[in-house]
Amino acid sequence: MVPPRPVVHAAVFALAALQALASDTFIAAVYEHAVILPRATQETVSPEDALALMNKNMDILEGAIKEAAQQGAHIIVTPEDGIYGWVFTREAIYPYLEDIPNPEVNWIPCTDPTRFAPTPVLERLSCMARNNSIYVVANIGDKKSCNSSDPSCPSDGRYQYNTNVVFDSEGKLVARYHKYNLFMSEEQFNYPKEPEAVTFETPFGKFGIFTCFDILFWEPAVVLVSKLQVDTVLFPTAWMNVLPFLTAVEFHSAWAMGMRVNFLASNTHNTIMSMTGSGIYAPDGARAYYYNMKTEDGRLLIAELDSHPRLSPASPPAVSWSSYASSVEKCLPDEHDFSGLIFYDQFTFTELTKPEGSITVCQKDLHCHLSYKMAEKREDEVYVLGAFDGLHVVEGQYYLQICTLLKCKSTDLSTCGQPVETAQTKFDMFSLSGTFGTNYVFPEVLYSNVQLAPGEFEVLNDGRLISKTKPTKPVVTVTLFGRWYEKD
């Protein structure tokens, strides 16, 4: 007997739904956006002028979203500050803000724009998602009224938040995140009274979201991954690159590897502010990335990722970060050790004086061990092994343990630790390890001209960062960046 046609259609639909729920991979997109900035003025503009500027940026973002959807992307992340820019006073940013409701209201702004107070930016973002059948992640500003019954209420009677929003492929608002760890220049915003751990489910995995400076702190970053077990982190950012460890592409790639999670990082693009570096990162390395300090071009990146990376055969094994280094003979103070600054932190360095060998350098409880072989020992380039074990206190306070092999800016040892982008020295092999007191260690390998090394290194389960193949390009840094969150 042939089943009735509606039953057949229902069965086909149910099968398709099950297949969607069981998606093993998905297509991710990030867009690095050269933001159109407001005029350099401290004066407050009209709401109409604010919306006109935001629409110019959204015109560009909409083009990227359409292109991503046409290439099969399921989700796209756009940058922090990507719709209105930066460097605002608290008063000057107010016309750019909208009152963003809690996603529990079950709202599609594109089809129901008058349900709440006027929200033309939310409406347009919702329509971008709905019209292109793609999840859209954007960063905008949220405003919330308060009064004297709230002792924390600002004197102007409102909270202002740096906010990420997520719309699903039907245009429904499914996530809202208020940035908790504000960078030092974000005086226009408040931070929420409690850190938010925002997650949402999709047919292609469980997602979490936070913003820029949040990545360096326990809440919300570690909570999302270690406690809430998200598969993928969405990361709008306005990242100002700082060599040798904190360029966007190297640190974000390393964070994905260290946390064993997918990481979609979308940066703003502004070379004057040293802002560039976006990527689609998996636990085993970068799938796609972009770093360009020469031109003012935006860039769309698209790549395929495992929906559940912890279940993937490519997922890195758990690492005992101090295991190998603890077995190496302990070091004593050496007369050839010297001090140098990296991003205001005082490192202990020792020079690589031979073309190959094994050396150790120590600072406090951190012992860093390196075995290496250079393809050629050049007279015009100097490399050192460095260790830092202490509290970083410049743009925020957080505890670090860092082991690093790095190229000095010149043959003058006093330049060791200063920013360097290029090198000529290639290594036949390297193996770096350290006696870390934390399990949160992020492995970085940076080649000349700020290039990553996907597939050319690995971390062994005893904590050694080793060259997997003979490195193909000159090395700038090889680093184990330990973030001792628990000690802050």
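What follows is a short chat about the predicted model shown above.

Visitor: What should I know about the model before we start?
Guide: This is a predicted model, in which local features need pLDDT of at least 70 and side-chain atom pairs count only at pLDDT 80 or more, while totals for chains, interfaces and linings use all residues. Residues are numbered from 1 along each chain as its sequence is written, and side-chain values use heavy atoms, with hydrogens and water left out.

Visitor: How many helices and strands does the chain have?
Guide: The secondary structure comes to seven helices and 23 strands, where helices (H or I, at least four residues) and strands (E, at least two) are DSSP runs numbered from the N terminus. The radius of gyration, taken over C-alpha atoms, is 24 Å, close to the 23 Å that the globule rule (2.2 Å times the number of residues to the power 0.38) gives for 488 residues, so the chain is as compact as a globular protein of that length.

Visitor: At what angle do helix 2 and helix 4 cross?
Guide: The axes of helix 2 (residues 47-70) and helix 4 (residues 120-132) come within 10 Å and cross at roughly 15°; axes are lines fitted to C-alpha atoms, for helices over the stretch in contact, and angles run from 0 to 180 degrees between N-to-C directions.

Visitor: Switching to sheets, what is the strand order in the five-stranded one?
Guide: Its five strands form an open sheet in the order 15-16-19-22-21 with antiparallel pairing, and two strands pair if DSSP finds at least two bridges between them. Strand 15 (356-363) and strand 21 (457-459) stand at the edges, each with a single partner strand, so one side of each is left without a neighbour in the sheet.

Visitor: How many bridges link strand 15 and strand 16?
Guide: Strand 15 and strand 16 (residues 366-374) pair in the antiparallel sense over eight bridges, and the bridge partner of G357 in strand 16 is Y372.

Visitor: What about the six-stranded sheet, which strands stand at its edges?
Guide: That open sheet runs in the order 5-4-3-2-1-12 with mixed pairing, and strand 5 (173-178) and strand 12 (299-306) stand at the edges. The twist averages 30° from one strand to the next.
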